[in-house]
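Student: Could you walk me through this one? I'd like to start with the sheet and then get to the charged pairs.
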Amino acid sequence: MTSRQRTADSNSLSPRRRTVVKAAAATAVLAAPLAAALPARAAEAPAFVHGVASGDPLPDGILLWTRVTPTPEAIPGSGLGPDTEVAWTVARDKAFTTVVAKGSVTATAASDHTVKADVRGLAPATDYWFRFSAGGTDSPAARTRTAPAADAAVANLRFGVVSCANWEAGYFSSYRHLAARGDLDAWLHLGDYIYEYGTGDYGTRDTVVRQHAPTHEILTLADYRTRHGKYKTDPDLQALHAVAPVVAIWDDHEFANDAWSGGAENHTEGAEGAWTARQAAAKQAYFEWMPVRPALAGTTYRRLRFGKLADLSLLDLRSFRSQQVAVGNGSVDDPDRTITGRAQLDWLKAGLKSSDTTWRLVGNSVMISPFAIGSLSADLLKPLAELLGLPKEGLALNTDQWDGYTDDRRELLAHLRSNAIRNTVFLTGDIHMAWANDVPVDAGTYPLSASAATEFVVTSVTSDNLDDILKVPEGTVTALAAPVIQLANRHVHWVDTDRHGYGVLDITADRAQMDYYVLSDKTKANATSSWARSYRTRTGTQKVERTYTPV
C-alpha cells in the first residue's frame, strides 16, 4: 500500500496433520462462494465484504483498516486483482457532515488488498466516525475513539476483553454482546484471534459448527491470508470492530500451536517447509489483516497510554521465547531460558518502573500466575493436560505458560517488589478458562508471602474447555475441579473451567474490576449472554477480592 495524501483538522490439542493445497487450487475452490456473497454490483464495482476496523488509539490519532475486493476473483490469498485507490474519511458525526480528516491509500495484491490509514491530528478522548470508499462504493460507517491526553485526569475507562476464538467450534456471540454495549473505550484481544488447524482437527466437541477456509492446515502466506479473510466475514466480529478500536496481541495459533522462536509443536520442519518461512508468512498476514501498529518490526509488544489513569504494556510471548520443556524438567528454572527475550523484559521492567499512571495494565497472552495441578485426580488430569497440550501423566506445571520460564517471572516480580511498583494488573487469555488470581512472589509459601500483582484471565470465545473435552454438561467439571485447583493454588480466588464468554474491565482511581460474562450456548448463533461473577483489585492492595455486582 502507498500513501497518497492526508489532511486533518488541526483542532481536532494434539494437531491432526495435514494436506497442503496449492494456493491456485484454493482460489478456484473459494472464489465461487465469496463471489456469491458479494453485492450484485461487484462485477463492476469494488466491495467491502470484510468490514472496517480501527485500533491502537492514541490521544491524537487512530489506525484505520479495511480490505477491498476490487473484482470477484480477488479473494483473500489469491494474489489477484488490480491496484485500487481507496479513500478514507473521518468525521465527528455519523452523517459525515463535519469531516476532520481524509486521504487515500492504494490497495494492491501485494498487501492482499488490505489498507491502513494511520490518522493523526485528532482530538483526545473523542468519538469519531470513519468509512472507506472505492470506485463509487462506500464501506459501512464505523465508530472509533481516541485515547485521553497523556496528562488528562481520567475518571473511568472501560475495555472489553476476549481471547481464543475458534471459528469451527461455534459462533462469535461474545463479540456481538460486547458491540451492543456501546460503552467501550476500546477492546482487548489477548491472542488466538484465528486458529491454524485443518477442518475438524481442533476442539469442536467432535462437531464442526461451521467450516473455516481453507479446509487444510494453513502453512503459506496465501493460507494465512485466506483464514484471516474468513474470520473477518463473521458478522459479530465485524459489528465489534465497527463500534470501538481494538488493541490486539498474538498468541500461538496465529502461527501454530505452542509456537516458540525456532518452531512449534504443530510444525514439522521440512515436510511443512521451514519454520522461518511459515512464521514470516503468519506475521505478514497478521499485520496486513489487523489494525495493529507494531512498535518494532515483526512484533506486537508496545505500550499505549490512557491519560493519567492507566497505561497498557502489550507483550509478544511467541517471537523470542525458548522452546518449551517437558513438565517436571528442572530446566524450567534455567536463567538462560526466556519467555520474553532480554530486550522485551528490560523494556517491560523499565516501563513499569517509570510509569506515572494510577494503574499499570499488562496485556499478557499466557497465564503468569503459578498453576500446580499435580494433586488433581486422574480423570480430571487427563483432559486438562489435553487442553493445555501437556503430557497426560501426572504433572505440576504448564510449561507453555510463565510456569515454564520461572527465571523471567522471578525477575519481573522481584522488580515490582523492590521498586514498590503498585497496581500492576495482568490481563490474560489462552487457557480457555476464567480466573481471578493474586500473583504471589512465592507460591509455595502463599498467602504468607506477598502478592506482587493481580491477574484477570478471560475464558475462550469458543475454543474448547474442560466440559467440551469431556462432553459433559456445562458446569460439571467446574464443580469438581475448582475446589481442588484452589486448594493446591491458594492465590487463585476463582476459576471457571467450563464456560465461554468475555470480560469487561472497568477502571477508576480506586479499583480495577473485571466483570465476567458467559454465553448460553456457543454453538447457537443467537446465544444470549449473562453476568457470571465480578472481581476487583483495590488500589494499593495487590490482591483480588470478589464483588457482587457488575459495573
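Student: What is the strand order in the open sheet of seven strands?

Tutor: Keeping in mind that this is a predicted model, the order is β13-β14-β15-β16-β18-β17-β19, and the pairing is mixed. The edge strands, each of which pairs on one side only, are β13 (302–306) and β19 (492–496), and the twist from one strand to the next averages 20°.

Student: And how many bridges join β15 to β16?

Tutor: Five bridges join β15, residues 359–364, to β16, residues 424–428, and these two strands run parallel.

Student: Which strands does helix α6 lie across?

Tutor: Helix α6, residues 342–354, lies across β13, β14 (310–314), β15 and β16, and runs at about 15° to β13. Helix α8, residues 406–418, lies across β16, β17 (434–440) and β18 (451–457), with an angle of about 120° to β18.

Student: Switching to charges: how many salt bridges are there?

Tutor: The count comes to 34 salt bridges. One of them joins the side chains of aspartate 185 and arginine 145, with an N to O distance of 3.2 Å. That pair links distant parts of the chain, since aspartate 185 sits in the loop between α2 (173–181) and β11 (186–189), while arginine 145 belongs to strand β9 (residues 142–145), 40 residues apart.

Student: Are those two buried or exposed?

Tutor: Aspartate 185 and arginine 145 are both buried.

Student: Then what about aspartate 206, which residue does it form a salt bridge with?

Tutor: Its partner is lysine 471, and the closest N and O atoms of the two are 3.1 Å apart. This pair also links distant parts of the chain, 265 residues apart, with aspartate 206 in the loop between β11 and α3 (221–231) and lysine 471 in the loop between α9 (466–470) and α10 (476–488).

Student: Why does aspartate 206 count as exposed?

Tutor: Because its relative accessible area is 67%, and the cut-off for exposed is over 50%. Lysine 471, at 44%, is partly exposed.

Student: And how do arginine 409 and aspartate 403 meet?

Tutor: Their side chains meet in a salt bridge with an N to O distance of 2.8 Å. Arginine 409 is buried, with a relative accessible area of 11%, and aspartate 403 counts as buried too, at 0% relative accessibility.

Student: Last one: which residues are linked in a network of salt bridges?

Tutor: Such a network links Arg158, Arg181, Asp183, Asp506 and Arg511.

Terms used. Residues numbered from 1 in each chain as written. Predicted model: local features only at pLDDT ≥ 70, side-chain atom pairs only at ≥ 80, totals over all residues. Heavy atoms only, no water. Pairing = 2+ DSSP bridges. Helix = DSSP H or I, 4+ residues; strand = E, 2+ residues; numbered from the N terminus. Axes fitted to C-alpha atoms, helices over the stretch in contact; angles between N-to-C directions. Contact = heavy atoms within 4.5 Å. Salt bridge = Lys/Arg side-chain N within 4 Å of Asp/Glu carboxyl O. Buried < 20%, exposed > 50% of the residue type's maximum accessible area, 1.4 Å probe, protein only.
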